[in-house]
Amino acid sequence: MSTNVISGNGNQDVKLPIYMDNHATTRTDPRVLEEMLPYFTEKFGNAASRNHEFGWVAEQAVEQARERIAKLIGATAKEIIFTSGATESDNLAIKGVAEMYKEKGNHIITQAIEHKAVLDTCKRLEKYGFRVTYLPVQKDGRIDLDDLKRSMDDKTILVTIMAANNEIGVLQPIREIGALCHERGVLFHTDAVQAIGKVPFNVIQDNVDLASITAHKLYGPKGVGALYVRRKNPRVQLVAQIDGGGHERGMRSGTLNVPGIVGLGKACEIATNGMAEEAKKLAALRDRLKDAIMGQLDEVYINGSVEHRLPGNLNISFAYVEGESLLMGINDIAVSSGSACTSATLEPSYVLKAGRRRRPGAQLHSVRHRPLQHRSRSGLRGRARGGHGEAPARIVAVVRDGERRNRFDEGPVGG
Ligand code: PLP
C-alpha cells in the first residue's frame, strides 16, 4: 500500500491512508504477533499429538490461551471451544442448539440487525422447519424487551441477540435479555465479537449461555475464534456441525490452529489489562471527531443510541450527500457505508433501514442520502492515531462540496 505523509494538526505528520474501519477488522497488535511466531517455526507441533514434546508444547500453549480468553469473559477454560472465527461460532451455536433441542421446541428468536452469520443461519433453519422470529429494533437500534417477552412461547428454545452491532455500535440490553431467557428456561446466545475486549462482558453477570468471539476484531489474527458454551446452570449441549477426529470435546473436529489460538489468547490478555483505559481514549477520540464534524456541518445525524454505544463507534448520516460519493471523495481515509460482508452492494445498509424513522423537517432518503459510516475505532494503536486531526477537515470539505451540488442540481428527495 502506498503511503503519503502530510502535515497534520499541531505540526504532527500524518501518514495516509488513515484506517478508521476497525469494525471490519483490526491490525494485529505487534505483541500478539510476537507471541504467535514461534508456533509457526520451532514450536510447530500438533496440539492433539499426545506422545511427544512437540505436541505437549502446542497443547500447553492452547490451554494457556483458553485460560486467557475465559478470564476476559468470566468463564472457565473448559467452556471455551476453538473455531475458525465468529461465522463458524454463530453457526455452531445456533444450528448446534437447534439440532440438540429440537424435541423440546422449534422456535428461535433473533433480531433484524444481526450480522449475516446469524441471520442467514436462522434462514437456513427455517428451511428445515424451525420457526424464527426477527424482532424489530427501535429508533435507537435496540430491541424492545416487551417485544421479546411477547414473542416467547413454550416452543422457544433459543434467543440469539448480538451484544454490540457491527455498523452502528449499539449495545443491546443483553443482561436483561439473558435474565428473561433464564426465567423461561430458554438458552441465550450472543454474537459478542464487537463487544468483547471493548466493553465489560461477563457471561455470568450477563446471563449468557453461548457467546461467539473472533480474534481479528480485537487486534488478533484473522481466521480464529471461539465459542463460549456454558457448562453449569444450565449445562448447554450442542450437536457438532463438523464431523471428524472429535477435537474440542467432540464439539468441533479439526486440527487446532495453534498460532492463531495463541494470538487470540494474547489479544484477550491485553484486553483484560488495558480495556478500561483504552475505552476512555477511544471515546475521547470519537467525540472529538464527532464534535469537529457536527460543529462545521448542518444536518448531520448520529445513527443509533449515543448512550448505549461502543466507545469507538461513530455512524453518521449527512443529508444531501450520498454515502458512496462521500467515500470516493475521502479515499485516503478508510471508512465504510456498511458491513464489509455486504459492501459489494450499493443498497443502503439493512441495519440503518431497520432503525430509521423520519425526523420532522429532515429530508433523509434511504437511497439518495446514503450514510457515511465512520467506525472510528482506529487511531488507538499505531499510525492512525494522529489521523483524527486530519479526518474531520477532509470529510467536511467533501460533504460541503456534495451538498452544494445536490442542493442546486436536484434538491433533496422526499418520500
Ligand atoms: N458477527 C459480527 C457482529 C461481525 O462483526 C463479524 C465480522 O465480520 C462476524 C460475526 C464474522 O466474524 P468472522 O470474520 O470471524 O467470521
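**View 1. The largest nonpolar core.** In this predicted model, the largest nonpolar core has 61 residues, of which Ile73, Ile80, Phe82, Leu148, Val159, Phe201 and Leu264 touch the most other members. A nonpolar core is a set of buried Ala, Val, Leu, Ile, Met, Phe, Trp, Tyr and Cys residues joined through side-chain atoms within 4.5 Å; buried means under 20% relative accessible area, exposed over 50% and partly exposed in between (1.4 Å probe, protein chains only). Elements giving two or more residues to this core include helix 1 (30-36), helix 2 (53-73), strand 4 (80-83) and helix 7 (258-296). Helices (H or I, at least four residues) and strands (E, at least two) are DSSP runs, numbered from the N terminus. A separate core of 25 residues includes Leu297, Phe318, Leu326 and Val396.

**View 2. Surroundings of Phe82.** Beyond its neighbours within four places in sequence, Phe82 contacts (heavy atoms within 4.5 Å) residues including Val62, Ala65, Ile69, Ile261 and Leu264. Arg66, Glu248 and Arg252 are also among its contacts.

**View 3. Packing of helix 2 on helix 7.** The axes of helix 2 and helix 7 are 8 Å apart, at an angle of about 35°. Axes are lines fitted to C-alpha atoms, for helices over the stretch in contact, and angles run from 0 to 180 degrees between N-to-C directions. The crossing is left-handed, that is, the near helix is turned anticlockwise from the far one by less than a right angle. Among the contact residues are Ala58, Ala65 and Ile69 of helix 2 and Val258, Ile261 and Gly265 of helix 7. The contact comprises 12 nonpolar, 2 polar and 4 charged residues (Ala, Val, Leu, Ile, Met, Phe, Trp, Tyr, Cys and Pro count as nonpolar, Asp, Glu, Lys and Arg as charged, the others, Gly among them, as polar).

**View 4. Helix 2.** The buried residues of helix 2 include Gly55, Arg66, Arg68 and Ile73, and the buried residues pack against helix 1, strand 4, strand 9, strand 10 and helix 7. Gly74, which follows helix 2, has a positive phi near 75°.

**View 5. Helix 4.** Ala117, Val118, Leu119, Thr121, Cys122 and Leu125 of helix 4 are buried. Packing partners of these buried residues include helix 3 (86-100), strand 5 (107-111) and helix 9. Just after helix 4, Gly129 has a positive phi of about 100°.

**Notes.** Residues are numbered from 1 along each chain as its sequence is written, and side-chain values use heavy atoms, without hydrogens and water. Local features need pLDDT of at least 70 and side-chain atom pairs count only at pLDDT 80 or more, whereas totals for chains, interfaces and linings use all residues.
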